[in-house]
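Here's a protein model to walk through together. Have a look, and then we'll ask what backs up each label.

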Amino acid sequence: MCSFVLCISKKKIASNLIKEANKFIKSRGPSKTNIFSKNINSLYIQAIHNLLDISGESIIQPIINNDKHLLLFNGEIYNPKVGNLPDTLLLMDNLSNNTIESFLLNCRGEFAICTYDIKNKKIQIFRDLIGTK
């Protein structure tokens, strides 16, 4: 089980407030914590990702591709893997190709996903059908 928080603001949120927010979710991912902060297109994007590494595929999140898309992922996808890509990179590949919605419609697994389209300033949140994550 992992956890994440995403904050997007015109003003930078004080790091002590971000760390305070993390106190509530850290237990869900005690293996690794990444606190991310970046100013992109006059918006502060701040995120926390806590990882519980049970698969050996520890990918530091959030993932940002060329300042276009940001991805935060918690869960596991059970569909047969495409190549040897870990779930997080498989999702980013679909996000980059604008196929994430169709991919997730056919997806089996337990997951919570948050994406941010930096150019269009659009947040998308997805979860599995049962909502276990």
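Q: Why does Asp67 count as partly exposed?
A: Asp67 has 35% relative accessibility. Buried means under 20% relative accessible area and exposed means over 50%, with partly exposed in between (1.4 Å probe, protein chains only), so Asp67 counts as partly exposed.

Q: What should I know about where these values come from?
A: This is a predicted model, where local features need pLDDT of at least 70, side-chain atom pairs count only at pLDDT 80 or more, and totals for chains, interfaces and linings use all residues. Residues are numbered from 1 along each chain as its sequence is written, and side-chain values use heavy atoms, leaving out hydrogens and water.

Q: What makes Lys38 and Asp67 a salt bridge?
A: Their side chains meet at 3.2 Å, N to O. The label asks for a side-chain nitrogen of Lys or Arg within 4 Å of a carboxyl oxygen of Asp or Glu, so Lys38 and Asp67 qualify.

Q: How do you know that this pair links distant parts of the chain?
A: Lys38 sits in strand E2 and Asp67 in the loop between strand E4 and E5, 29 residues apart. Strands here are DSSP runs (E, at least two residues), numbered from the N terminus.

Q: Why is Lys23 called exposed?
A: Lys23 has 62% relative accessibility, so it counts as exposed. Glu20, at 38%, counts as partly exposed.

Terms used
Helices (H or I, at least four residues) and strands (E, at least two) are DSSP runs, numbered from the N terminus.
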